[in-house]
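Hi,

Here is the structure I promised to pass on.

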Amino acid sequence: MEQRDTIAFIGGGNMAGSLIGGLIGDGYPAARIRVSDPSDAQRASLAERFPGIVVTADNAEAIRSAGCIVLAVKPQVMATTADVLRETGRHVLFLSVAAGITSVRLDHWLGGDRAIVRAMPNTPALIGCGATGAYANARVDTTQHAMADHILRAVGELQWFEDEAALDAVTALSGSGPAYVFLLMEALEAGGVDLGLDADTARTLALHTVYGAARLALESHDSPATLRARVTSPGGTTEQALKVFETGGLRKLVAEAMGAAARRARELGEN
Ligand SMILES: NC(=O)C1=CN([C@@H]2O[C@H](COP(=O)(O)OP(=O)(O)OC[C@H]3O[C@@H](n4cnc5c(N)ncnc54)[C@H](OP(=O)(O)O)[C@@H]3O)[C@@H](O)[C@H]2O)C=CC1
Ligand SMILES: O=C(O)[C@@H]1CCC=N1
């Protein structure tokens, strides 16, 4: 990105913190990152975690001369937040990470004719391991597209979509997905404790198992199904466990859970 490109985050919560951590970890100058958040505690925490960034309670101050404004507030407050950003110049790129809010609605709230990238990142962005889906509206020019690409790719994997509706599916998969995996970790730890392991040992083994399986799947040319088959010795232990998952309807349950998340994304976009 060019020198003049200051990134202003409106909302300094979980997702903004994850993106800022990933950007700084990728070498983005902290002094070119500004964050606006109404909470004193939130601002103090961000300033401590990311020395050199500028924190403020004033959205107008945060966005002054920024090339990109990242909208990282809850979907429920996006309309009122966007309303006070209407005065910004038409050259500014808006990058919204809000679940469900369509670029058309956001454009309307921002006064119209805005360059908007709607993205759905996830919290592993904090360590550069995010998975993000993104859509650019027709007003986004080549330079702005490159800017959004640079910001989002700095924090992990990025997929662009031509069809904005795909973003609700991305939300249900990778946006919310880390929480599903953390739930699985919790269940693995609890299962280990039930079987007699101490809690610390069970957690360590659970975390490394998820990490190792994810890395192996990413680095292997084989599909997850093939990798699963390699663990599953005929007549062995895994086979018994997988039978319990399959008869319990794990795949259907995951599909239903993701359907509920996607539905909620659409609802948030309609409110
Ligand atoms: N958390 C996640 O894993 C992901 C979240 N997202 C999206 O990111 C967005 C933010 O989520 P998340 O970070 O979890 O939420 P948080 O509640 O952690 O952060 C939002 C922050 O915005 C602040 N805020 C509220 N109103 C304003 C305003 N007018 N101007 C500036 N700041 C304001 C809030 O302050 P206060 O609490 O005091 O109101 C809060 O600190 C959401 O739209 C969500 O859909 C997308 C992908 C993943
Ligand atoms: O739960 C949420 O609504 C946000 C969006 C995706 C992850 N967290």
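**Around the ligands**

Helix α1 (residues 14-25) gives the largest share of the shell around ligand 1, three residues; helices here are DSSP runs of H or I with at least four residues, strands are E runs of at least two, and both are numbered from the N terminus. Before going on: this is a predicted model, where local features need pLDDT of at least 70 and side-chain atom pairs count only at pLDDT 80 or more, while totals for chains, interfaces and linings use all residues. Residues are numbered from 1 along each chain as its sequence is written, and chains are lettered from A and ligands numbered from 1 in the order in which they are written.

Ligand 1 has 27 residues around it, and the closest are Gly11, Gly13, Met15, Ala98 and Ala99 (near means a C-beta atom, placed from the backbone, within 6 Å). Ala99 turns up again around ligand 2, together with Thr171, Gly175 and Ser176.

**The protein itself**

There are 12 helices and eight strands, and the C-alpha trace spans about 65 × 40 × 35 Å along its principal axes.

What does isoleucine 69 touch, leaving aside its neighbours within four places in sequence? Its contacts are Ala8, Ile10, Ile63, Leu85, Val92 and Phe94, a contact being two C-beta atoms, placed from the backbone, within 7 Å. By that contact rule, 67% of the contacts between residues at least 6 apart in sequence join residues at least 24 apart.

Happy to talk it through!
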